[in-house]
Amino acid sequence: MKSLVELGVKPVDSLINEKNDKRWSIMDKLLLGLSPGQYLGQALRNPFNWILGIIFAIGLPLIVYRFIFGLGAVTHASNDYPWGLFLGFGLFCMVPLSASGFMLGTTVEIFGRHDFHPIERLALLNGLLGYFFAVIYLMIDLGQPWRLPYPMFWSFGPAAVLFLVAWHVATYLSVQIAEVSVAFFEWMDWLGGKRFIRRITIGLTVSGIILSTLHQGALGALFNYAPGKVHPLWYSASFQWIHFFVSAIPAGLCMVIVVSTIIKKTMAWRCDDGFLDSLDRCTLGLAKGASMGLITYLVIKFIGVAHDNEWAYLATGWGAWFLFEMAVGVLLPLVLFAYAIRHQLASLARWGAVFTVFGIVLNRLNTALITFNWKLYQEIPHIFEFIIAVTVFAIYITTYRFILYRLPILYSWKEQPQEALAPEAVKAAPINTTPSAANAVYRKID
Amino acid sequence: MSGISRRKFLAASVAAGAATTLAGPKKALAVGSFSGYPDSMGVLVDLTRCIGCRSCEAACNKEQQLPDPNLPFDDMSVFDQTFHHGTQKRRTDESAYTVVNRYKPEGRDPIYRKVQCNHCAEPACLSSCFVNAYTKTKEGAVIYNGSVCVGCRNCMIACPFNVPAYSYSSAFGPVIKKCIFCYDTRLKDGKPPACVEICPQEALTFGKRKDLLKIGHQRIQTHPGRYIDRIYGEKELGGTHWMYLSPIPVEEVGFDPRPGNEPIISHVKDFLGVVPMVLAIWPALFTGFHLLAKNQEGHDDHEHETGHQQGSGQKHDDEGGQQ
């Protein structure tokens, strides 16, 4: 695609085809304004697509195999480790990494920090897709996924933490679909839908915060059911939910930094100047937020150790593993962020984000799998389980890219000629007034 | 934002609040301190009497119509089986709701311990189930309704005794499988479960839980050298309906010696209490933040001009630095 753009091909970013003054058809929009031949050509030239192809060739038949022959065919069918990679990674890692939606929604819509507006849609999309694929992982893991509506409509267990997770994830998924649908409505030119969502934005955002607080926390509280099974250093009777909730904040913010970095490197053609020019500033802003989250997380983790008087465990092998997680996943990014923010080095902040994401993933895997059953034995998941987990993640990446290519997430949609002028006005304005100018434009569109 | 948005938002939060308040009272009932149904039944397992004949396993298999085992029930080589690099003995699974394991304490004859569901007074499986598949019956059994089981396996995570198993082998109808105290076929008619009835050693005593506790303490008192002074399950994890008398410390027969006396649900109560508070407080809190932030925006330019740095001044400074 990059080479095509260099040749002068312009991907669809507006309602009207400038060349012939006609509206783009859905087909044109789907193919980014390329001819089918051009589109196929660029897809085949991209080596990443070949890697995805190989993963799908192996993984998709395995997913079919799992549904024909049952979970026992692709896992160790363990009664001691009922939750494997599908939940350990798919649910417990994907959900905190998707906290970006409610974080940026809050920043922009509630606190009125419209200077983060360029990255808000990416954060919302990151949230939506993360949750959606967490549910996909869940569907693969559930013994009878077709019964997933049972706790919603059929048989209620309201005193169970998982009941809360089910309801909140389902509700929050709808909230996120509504939030992201604005981009879709623009793309489809359904302005009525867009106006409607705009009107309920604050409601959606606040319900997003409520639901996120509760189910991010609830994922932690699920482990309160297993006080004797999770290693004490990863278990806190009083603070488990708040550990999970607080760590989700830097996780979500840093996931946006990581994703936006990948986009900048591989998809710059799709971003408009508004996105690219503000990315470094936004990255450092997100890094500040993430540092706040991380330092709080570090403190409350050790408060957790102190509260349950678990210091002695730090001297054991598990303790070393715990300190490694804290050092590489929390302390190191904190140092990197501090230096990056002090010296305005967005690229260093990006490394901090990578380590934060690594740290959170390690924490969730430690809690759900690695230190789980620490008194019994350690289990390495079945190779098929790994392959299926990677395949679903590859589908996630593909879907993510498909949407980013098309919907106005990284660029602003040019609806009508007179409105198309507005973003240019922003660009023309002196750079230090950008946020307020952007606010003004934003309010006008409202 | 217009007034409409706030009204809509309020309507939405009232609906959400109502949904949780409806759930609330039930929760409160479930987590109140429950000391058990008064005349519920239980079983006292006397480890000094068990000879490891495995007839209870055979009786269970027949009563629950489970598939034939790989090795016949009179094959004692199963006691030598270990799993996961020799760290684990046999456990319950989808085709065996009870198993007997052998322990060889130093300088003693081997001790056999029967494993099955201990039928907790406040079961962890029940409190973790999001479709309410589990029921604690007034007779003392913890039974479950497989026809609503979604297969999340949270109960297996929650069970402190690692009892519930999953029928992984089934592709289209896997459900949880565990001992149900022979509830359907025996207990509800007042009869003892199949394993108790067949035991040739009277190692298993069936009776009212409160009577079993008396019997247990009496045995300890009469034979102080024979038993350790503990009925495992009397208080552990809120009390169980299957209880154990052991001649040696319980960790030597594979029990967690200090599981705590609180039922598992107590560990989750803290969080469950947070839920209605967040639902009630967050809407006003964050809408309030929004209103405050909006107000402050209006004074944006003024603050910058006069260089005021009170309250949100820090934030503006940051902004300035980044530009």
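User: How many of the residues of chain A count as buried?

Analyst: In this predicted model, 50% of the 446 residues of chain A count as buried. The word has a cut-off, since a residue is called buried if 20 or more other C-beta atoms lie within 10 Å of its own.

User: What is the confidence in chain A?

Analyst: The mean pLDDT of chain A is 85, and 89% of its residues reach 70 or more. Residues 417–446 of chain A stand apart from this picture with a pLDDT below 50, and beyond near neighbours in sequence this stretch has 27 contacts in the model.

User: What makes up the secondary structure of chain A, and how far apart in sequence are the residues that its contacts join?

Analyst: Chain A comes to 19 helices and two strands. When we take the contacts in chain A between residues at least 6 apart in sequence, 79% of them join residues at least 24 apart.

User: How do you know what length helix α12 of chain A should span?

Analyst: Helix α12 of chain A covers residues 201–221, which is 21 residues, and at 1.5 Å a residue it should span 30 Å. The expected span is 1.5 Å times one less than the number of residues, and the end C-alpha atoms are 30 Å apart, so the value agrees with the expectation.

User: Which residues have the most contacts inside the largest nonpolar core?

Analyst: They are Tyr137(A) and Val161(A), in a core of 200 residues. Helix α10 of chain A, residues 161–188, gives the largest share of this core, with 16 residues. Leaving aside neighbours within four places in sequence, Tyr137(A) is in contact with Phe86(A), Leu87(A), Gly90(A), Leu91(A), Met94(A) and Val392(A).

User: Why is Gly228(A) called partly exposed?

Analyst: Gly228(A) has 19 other C-beta atoms within 10 Å, whereas buried asks for 20 or more and exposed for 12 or fewer; the count falls in between, and therefore Gly228(A) is partly exposed. Gly228(A) is found in the loop between α12 and α13 of chain A. Its contacts, with neighbours within four places in sequence left aside, are Pro160(B), Asp256(B) and Pro259(B).

User: What separates Gly228(A) from Trp374(A), in sequence and in space?

Analyst: Gly228(A) and Trp374(A) are 146 residues apart in sequence, and their C-alpha atoms are 9.0 Å apart in space.

User: What is noted about the phi of Asn373(A), and is this residue buried or exposed?

Analyst: Asn373(A) has a positive phi of about 60 degrees although it is not a glycine, and its place is in the loop between α16 and α17 of chain A.

User: What makes both faces of strand β1 of chain B covered?

Analyst: On one side Met41(B), Val43(B) and Val45(B) are buried, and on the other Gly42(B), Leu44(B) and Asp46(B) are buried. Accordingly, six of the six residues of β1(B) are buried.

User: How do you know that the pairing in the sheet is mixed?

Analyst: β1(B) pairs with β8 of chain B in the antiparallel sense over five bridges, but with β10 of chain B in the parallel sense over four bridges. Gly42(B) has Gly207(B) as its bridge partner in β8(B), and Val43(B) has Trp242(B) in β10(B). The four strands form an open sheet in the order β8-β1-β10-β9 of chain B, with mixed pairing. β8 and β9 of chain B stand at the edges, each with a single partner strand, so one side of each is left without a neighbour in the sheet.

User: Finally, how many residues does each chain bring to the contact between them?

Analyst: The contact takes 70 residues from chain B and 63 residues from chain A. On the side of chain B that touches chain A, α7(B) gives the most, with 17 residues. By class, that side has 37 nonpolar, 21 polar and twelve charged residues.

Notes: Residues numbered from 1 in each chain as written. Chains lettered and ligands numbered in written order. Predicted model: local features only at pLDDT ≥ 70, side-chain atom pairs only at ≥ 80, totals over all residues. Contact = placed C-beta atoms within 7 Å. Nonpolar A, V, L, I, M, F, W, Y, C, P; charged D, E, K, R; others polar. pLDDT = per-residue confidence, 0-100. Core = buried A, V, L, I, M, F, W, Y, C linked by C-beta atoms within 7 Å. Pairing = 2+ DSSP bridges.
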